[in-house]
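User: Hi! Could you walk me through this fold? I'd like to start with the strands and then move on to the packing.

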Amino acid sequence: MSDTFSSQSFETVAIHAGNTADPLTGAVVPPIYQVSTYKQDGVGGLRGGYEYSRSANPTRTALEENLAALEGGSRGLAFASGLAAEDCLLRTLLAPGDHVVIPDDAYGGTFRLFAKVVSRWGVEWSVADTSDPAAVRAALTDRTKAIWVETPSNPLLGITDIAAVAQVAKDAGARLVVDNTFASPYLQQPLALGADVVVHSLTKYMGGHSDVVGGALVVNDAELGEELAYHQNAMGAVAGPFDAWLVLRGIKTLAVRMDRHSENATKIAEMLTRHARVTRVLYPGLPDHPGHEIAAKQMKAFGGMVSFRVDGGEEAAVAVCDRAKLFTLGESLGGVESLIEHPGRMTHASVVGSALEVPGDLVRLSVGIEAADDLLADLQQALG
């Protein structure tokens, strides 16, 4: 991270890193460079380092500088989606015959990438409860090159001790990859806790307004950063300039949004614990959550995602989703509006029949920034 921002508060960095005034007009917001190619100053004479927008684009550069600063990394890379970022990372780190430890609770798209795509390339994987460092260690082989972690996890809101698993990875000579999408860098910074790579779906809290799809990788290792940049250019799934601009705009309000998301989610989780039709509430901010103490240690607050299980099984959970009115029935998460979904039939349908299969009676909430009382009332009527 640039020394310019190393001593400044997160809120200041979010607004200013990468967002230098336009040298031509003084515009305080970086322009959208909607351009494919650039006039060169003679053969091989790149003006400002730009030649073709797959390789680099000034708007994307601004976002990548911002991402690196927010995560305390040396290099940020922006992609067309979170899965595009993951694909680039896996093809950079791994070769046929290598092995990866993945969590027993993870985003369905990530599982699909491992189970249906990367495995066909000769990469092996095994599942472990990443909340237990001993279980992660037991899953290692002599060919393990990476350990993959989500914390909080999707959709069961499990917590992994990043520092502890980072030590497991270091001892094994493997890279620790942390998907930081649910927390965002405002609540948690995995690189400072020993992770090697941070992954984001920028579609979620970083963009924050359900109007952009994007992904990111952030690293501290300069050599790894160069390797990732090479593959990013070679594979080409880069963030477009308008998408990069939208994410930059969203990041400016990330801190204030995450504060409100967390406050609302806490109120909802507490209400759900008292509801007769709810059999279990999964939220790391609750004192009885098994990962509460670790989350309190490595997170600034507990985020805006809440999952819960309902009495009556799968059909009852689906009915709750259908009865919600203010909570919009939809996939994705992290926007200013509240969403509700049934993971087993929606975001996690790809894990059915696997070790990652989620309970049928599970409902997942992405708690927005609306008035908490309105959200509580809607959930209460949906639960009946």
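User: In what order do the seven strands of the sheet run?

Analyst: Keeping in mind that this is a predicted model, the order is 1-7-6-5-4-2-3, in an open sheet with mixed pairing. Strand 1 (75–79) and strand 3 (124–128) are the edge strands, each pairing on one side only.

User: And by how much are neighbouring strands turned against each other?

Analyst: On average by 20°, direction ignored.

User: Nice. In which sense do strand 2 and strand 4 pair?

Analyst: Parallel: residues 99–103 of strand 2 pair with residues 144–150 of strand 4 over three bridges. Within that pairing, Val 101 has Ile 147 as its bridge partner.

User: Which strands does helix 7 touch?

Analyst: Helix 7 (residues 162–172) packs on the sheet against strand 4 and strand 5 (175–179), and its direction makes about 150° with that of strand 5. Helix 9 (residues 222–235) packs on the sheet too, touching strands 1, 5, 6 (197–201) and 7 (215–219). The direction of helix 9 makes about 20° with that of strand 1.

User: What is Leu 365 in contact with?

Analyst: Beyond its neighbours within four places in sequence, its contacts include Ile 268, Leu 272, Phe 327, Leu 339 and Leu 379.

Definitions and conventions
Residues are numbered from 1 along each chain as its sequence is written. This is a predicted model: local features need pLDDT of at least 70, side-chain atom pairs count only at pLDDT 80 or more; totals for chains, interfaces and linings use all residues. Side-chain values use heavy atoms; hydrogens and water are left out. Two strands pair if DSSP finds at least two bridges between them. Helices (H or I, at least four residues) and strands (E, at least two) are DSSP runs, numbered from the N terminus. Axes are lines fitted to C-alpha atoms, for helices over the stretch in contact, and angles run from 0 to 180 degrees between N-to-C directions. Contact means heavy atoms within 4.5 Å.
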